[in-house]
Amino acid sequence: MKPVYLAGRGLACALGLDVQASLAALRQGGVATSRYSLPGALGGSFPYRAIPCPRGDWNERARDLVRRVAAEAGAQQIRSGALFIATSSFDIGGVEQGTAQMDYTSFSGKVAGWLEWSGPVYVINTACTSSLNALIAAQAMLNAGEVQDALVLGIELDNQLTMGGFAALQLLSPGSSKPFGANRDGLVLGEAVAALRLSAHDPAQWQMLGGANVVDGSQPTGASAAAVVSMYQRALAASGLAANEIDLIKVQAAGSPGNDAVEAQGLLEAFPKIPSLVSFKAAMGHTLGASGAAEIALLTACLEQGAWPKYEAAADTELGVVLAASAPDRVRHVLATILGFGGSHASVILERA
Amino acid sequence: MKTFAISGRCIAVPPSADWREQLAQILGAKPRRIGIWAELGLYGALRCLVDAGEKTLPAEAQIWLGSRRGTYVATDIVLKQLREDLPMPLAFLQTQPSQLLALLAAQMDWKGHACFVAGAEPEAILRLAAAQAGEDGMLLGWLDEMDGGVSSWLRLRPCEEVTGGFQAVAAGAIFSTQISHLRLDNTGLKVRPVA
């Protein structure tokens, strides 16, 4: 089995248009939240973490962001590798503008065309866990020697369908995201385009060891503690590690009253000693299908360059877990988790050389 | 090179006229408010399991699902609702293709790896799945609700003992009653006709 390295990364999110700008904004305590208005008597205005570039034609904006982020990750070197597009909303923003059609083949062809991609293209859609499942699939293809390079490209951009759907399900906070917070009251959604370049031949300081995805249909819109525990156990087994070898967990912790509690319960059951915990949801919003790639891009950069998110909300002491106020001194093994719609629970584990 | 034996299948292109009645019979009741995408998917997947003689999947088996247009009908409905107000909550859930994976997992009382791949050819999904699937194999499905509907599923198990009799085919041809084994190698997809 060939080792798989994280050889490049790119990120555009509410914090900035690239990794360095995002780190700089994080160091300064984050950026102001914008608002998103929805129609009708049940609609209203909700906080939203938008990428700081003008909204206009959906396709043109998506094309520019995809090209920018892919270039930052070094994708121009691997256009014959495998491209894994991870999204929960495809180009539905373009459909809403009348400039795209609801056809997956057209969508994947369009994105591949933007990048002049010549290798195989896969579009992974497992709602919020899409990017992590794309990473798991890409690692398997690299391990098997099917491809030598892969780009996982998370795309989650402005569209009314997603915002309206989450509002209809009453999952959105009216104010702010409070991960593991005492007064947490829902999610704040956000935009992100993120790229992780994986290589089987280009050693880098981060190696992807393994991952796991557990679908549990008992809670259609939320997580289950049994599945969270199973996810951790399977991810650890796939990586050849024990629970006490994990130094840091990037948790889902999106500020959901129910899901945050379930995740905390799963942590307490799976880890006899809870590792340091970090969440980026308050800083960049929940970027859904792009969140796995976006948060790993930001997390690895934070650990390399000494940045860390600040949490303003008071912690919920009843959860029994707490987010770390600063980066741990030594981090070798990082576990990154995303929990999502469709009962999907996914984690991947990275090792730092 | 990887070889899979087909231990069960449902080839519904299109499904029979009474597929909803058949689904209700399998479930023990008529499904409610899950949408045509999920109903059609459950119909094919559960019939495939019955054909394989299984009530559920082993814990380490995987579910892989592909489609060209996915939840087109539900998405179109929600986009129209959004012109005036928020969509109905369940209508929004029906726009998420992966909701079927959760419903199927719940129906089988199963927890495991399941993934939706949008737009790729069945062969490409099989290649992706084969890189991850272990000895318990997979349930591989292709689903579309447009143009009369398609719900075709194969229960695949790794099988290395069969060596000869394979021939090259087009990607879509894997969903056939005339095939007993699938093989992926460096030259592409091959199938072994039923003896």
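Which order do the strands of the open sheet in chain A take, and with what pairing? I began my notes here, keeping in mind that this is a predicted model. The open sheet has 3 strands in the order β2-β3-β7 of chain A, and the pairing is mixed. I looked next for its edges and found them at β2 (34–38) and β7 (189–190) of chain A, each of which pairs on one side only.

I then followed one pairing in detail. β2(A) and strand β3 (residues 44–49) of chain A are joined antiparallel by 5 bridges, and within this pair I noted that Y36(A) has F46(A) of β3(A) as its bridge partner. Looking for what lies over the sheet, I found helix α6 (residues 160–168) of chain A, which lies across β2, β3 and β7 of chain A and runs at about 80° to β2(A).

**Two helices of chain A**

I turned to the packing of helix α5 (residues 130–143) on helix α10 (residues 291–305), both of chain A, and recorded an angle of about 80° with the axes 5 Å apart. At that angle α5(A) is roughly perpendicular to α10(A), because angles of 65 to 115 degrees are counted that way. On the side of α5(A) the contact is made by S131(A), L132(A) and L135(A), and on the side of α10(A) by S291(A), G292(A) and A293(A). Sorted by class, this contact comes to 3 nonpolar and 3 polar residues, with no charged ones.

**Chain B as a whole**

For chain B I counted 6 helices and 8 strands, and I wrote down their order from the N terminus as β-α-α-β-α-α-α-β-α-β-β-β-β-β. The C-alpha trace of chain B spans about 60 × 35 × 30 Å along its principal axes, and 50% of the residues of chain B count as buried. I also checked the contacts in chain B between residues at least 6 apart in sequence, of which 69% join residues at least 24 apart.

**Where chain B meets chain A**

The contact between the chains draws 41 residues from chain B and 46 residues from chain A. On the side of chain B, the elements that give two or more residues are α3 (72–81), α4 (89–93), α5 (99–108), β3 (111–118) and α6 (122–132). β3(B) gives the most to this side, with 8 residues, and the residues of the side divide into 25 nonpolar, 10 polar and 6 charged.

I looked at β3(B) again for pairing across the contact: strand β9 (residues 206–216) of chain A is joined to β3(B) by 2 bridges, and the two run antiparallel. In this pairing D216(A) stands opposite K111(B) of β3(B).

**Helix α5 of chain B**

Why do I describe α5(B) as largely enclosed by the rest of the structure? The reason is that 7 of its 10 residues are buried, namely Q99(B), L100(B), L101(B), A102(B), L103(B), L104(B) and A105(B). I searched for what covers these buried residues and found that the cover includes β9 of chain A, together with α2 (35–52), β2 (62–67), α4 and β3 of chain B. Just after α5(B), I noted that D109(B) takes a positive phi of about 55°.

Terms used. Residues are numbered from 1 along each chain as its sequence is written. Chains are lettered from A and ligands numbered from 1 in the order in which they are written. This is a predicted model: local features need pLDDT of at least 70, side-chain atom pairs count only at pLDDT 80 or more; totals for chains, interfaces and linings use all residues. Helices (H or I, at least four residues) and strands (E, at least two) are DSSP runs, numbered from the N terminus. A residue is buried if 20 or more other C-beta atoms lie within 10 Å of its own, exposed if 12 or fewer, and partly exposed in between; C-beta atoms are placed from the backbone. Two residues are in contact if their C-beta atoms, placed from the backbone, lie within 7 Å. Ala, Val, Leu, Ile, Met, Phe, Trp, Tyr, Cys and Pro count as nonpolar, Asp, Glu, Lys and Arg as charged, and the others, Gly among them, as polar. Two strands pair if DSSP finds at least two bridges between them. Axes are lines fitted to C-alpha atoms, for helices over the stretch in contact, and angles run from 0 to 180 degrees between N-to-C directions. Angles under 35 degrees count as roughly parallel, over 145 as roughly antiparallel, 65 to 115 as roughly perpendicular and the rest as oblique.
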